[in-house]
Amino acid sequence: MAELVLMKGNEAIAEAAIRAGCRHYFGYPITPQTEIAAYMAKKMPKIGGVFLQAESEVASINMVYGAAATGCRVMTSSSSPGISLKAEGLSYIAGSDVPALVVNVQRGGPGLGGIQPSQSDYFQATKGGGHGDYRMIVLAPASVQEMASLTIKGFNLADKYRMTSMILADGTIGQMMEPISFEDAEIEKYEKPWALTGHENKRKHNIVNSLYLQPDALEKTNFERYERYKVVEENEPMWEEYMMEDAEICVVAFGIASRVAKNAVVAARAEGIKVGLIRPITLWPFPTKALRAAAVKCKAFVSVELNMGQMIEDVRLATECKRPVTLCNRAGGMIPSPDQVLESIRAAQKGE
Amino acid sequence: MEHKRLTLFAGHYGSGKTNIAVNYALKLAAEGKQVCIADLDIVNPYFRTKDSAAVLEAAGVHLISPQFANSNVDLPALPAEAYRLVTDKSIYGIMDIGGDDRGAYALGRYVPSILEEGNYRMIFVANASRPLTRTPEDALEVMYEIEAACGLKFTDLINNTNLGDLTTPETVLGAAEYMEKLSSLSGLPIFATTARADVAAALDIPDVLPLTLQEKYFDLPSQKPGNRPLWG
């Protein structure tokens, strides 16, 4: 049996990042993700890495931008209000096509909100957040193990496509503890000929920049960037299906909501309701094909979310509004109970 | 088990302090003692002593908890009533100290009274399966940091080595060597071995304290470690 350790979700992210080769962490503490920074503060000095608590979130994301331009694996982490502060930097990083990993362990909002778990930054993560045309690869872990494995995956994808990967977790997964292993970690390495590593008079100097003086050149860069995004949309969607083979009702949920929803699916099956679950693992690219296929055979969809209904819009888009989609939600730091989800499944079964 | 008037549980965050403190309080109450438990955790936002409020109340254990525990107020404030543990010498007091040295700062203000009375046990809770205390030397470092932060020395150790749902008797017994090393490095005795009740029942060693675990918000389907689907 593989060696197991008992980890908090936040610790799993930090340890996985170190194993993925990240030696540069810039952050600013905020509940409920502070264990990531604490872990890095403890470990980085022992392995020749950099842990730096910046004076603000704005400073830390710009340090990430600078380090990313040199081609090293670099990350920052925060929680909802802190991610809003980082939004400008996220846009600059996207506009410069450098890879980075950003973690958002979400808490209730908007505004200062609260410190309890939430999924209300779905729009911010998948639709932009910062200004301009850009995308981030958004990974949604549903277990402590996935906090680790998707962090490693996130670094790999960021390097592969020269993009930001965002781990979109929530306070519950950040704080809860589960036994995990790192035996299956696959660390990929990519050449980075664009990186600012010093030309030593042996090559033309590289430039990392997001400012374009000519609009036609900026347009061309945007079009080229979106060609790359198209490849990501084609190759990288990840999702998991549960009991979908004969399902008439399809529950869609990600992260901690999917763990609750799974309990409800099991309970509904015991009542004879043919229900299944699709769990998006990548929120961008969204698993559109899986949803579109489900819309052919399922008569209704239930989107379970810890927000006022955000992913539900992508469910409707992916299914091209062919079937009714209802929302089962809690917000502001509350979590739906399996009974609440079960009630929504029963209602969908009755066509309500 | 001989009980001191004050028992303090401290250690690395996530080592199991809160569950052990709650179970120890219930054990003392079951022995007919008047028990008061104080949640002095100023670090952890979730999963607190207060989650066990109903169980403690039913057992007649008085709970002192920060006013803002389990709310959105992220304030490291302690209730004035916590002083009762050091001033009221007619009760058995249990203190659940927050994680690491950061959490132990909160204990500092009670230390002069605790030392003056001199009837306490401060227990370091160790879990050899936690990533930052994987070796006895790592654990010793955390012990020293906590002692330096609060100004009180540990007197005992507890072996709470576990892997959550995947804990087996072998998990607990496998840490015997680790605990012996930590004991010899620190010069402290092992007060008890703690484990979930079903695991504890299978342990044929002295001083086992079986634990009933704090209730979770909801049952999460069990997790298989490794790079596999969550419910494949």
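Reader: In this predicted model, is the crossing of H1(A) and H6(A) left-handed or right-handed?
Author: H1(A) and H6(A) are two helices of chain A that pack against each other. As for handedness, their crossing is right-handed.

Reader: Which residues of H6(A) make the contact?
Author: Two helices share this contact. H1(A) brings A:Gly9, A:Ala12, A:Ile13, A:Glu15, A:Ala16, A:Ala17 and A:Arg19. From H6(A) come A:Val144, A:Met147, A:Ala148, A:Thr151 and A:Ile152.

Reader: How many residues of that contact are nonpolar?
Author: The contact of H1(A) with H6(A) includes two polar and two charged residues. The nonpolar ones number eight.

Reader: How far apart do the C-alpha centres of domain 1 and domain 2 of chain A lie?
Author: Chain A has domain 1 at 5–235 and domain 2 at 239–349. The distance between their C-alpha centres is 28 Å.

Reader: Which element supplies the largest share of the side of domain 1 of chain A that touches domain 2 of chain A?
Author: Across the two domains, 27 residues of domain 1 of chain A contact 22 residues of domain 2 of chain A. Elements of chain A that each supply at least two residues to the domain 1 side include strand E7 (164–170), helix H8 (215–235) and helix H5 (122–126). The largest share is four residues, and it comes from H5(A).

Key:
Residues are numbered from 1 along each chain as its sequence is written. Chains are lettered from A and ligands numbered from 1 in the order in which they are written. This is a predicted model: local features need pLDDT of at least 70, side-chain atom pairs count only at pLDDT 80 or more; totals for chains, interfaces and linings use all residues. Axes are lines fitted to C-alpha atoms, for helices over the stretch in contact, and angles run from 0 to 180 degrees between N-to-C directions. A crossing is left-handed if the near helix is turned anticlockwise from the far one by less than a right angle, and right-handed if clockwise. Two residues are in contact if their C-beta atoms, placed from the backbone, lie within 7 Å. Ala, Val, Leu, Ile, Met, Phe, Trp, Tyr, Cys and Pro count as nonpolar, Asp, Glu, Lys and Arg as charged, and the others, Gly among them, as polar. Domain bounds come from an automatic or database domain assignment.
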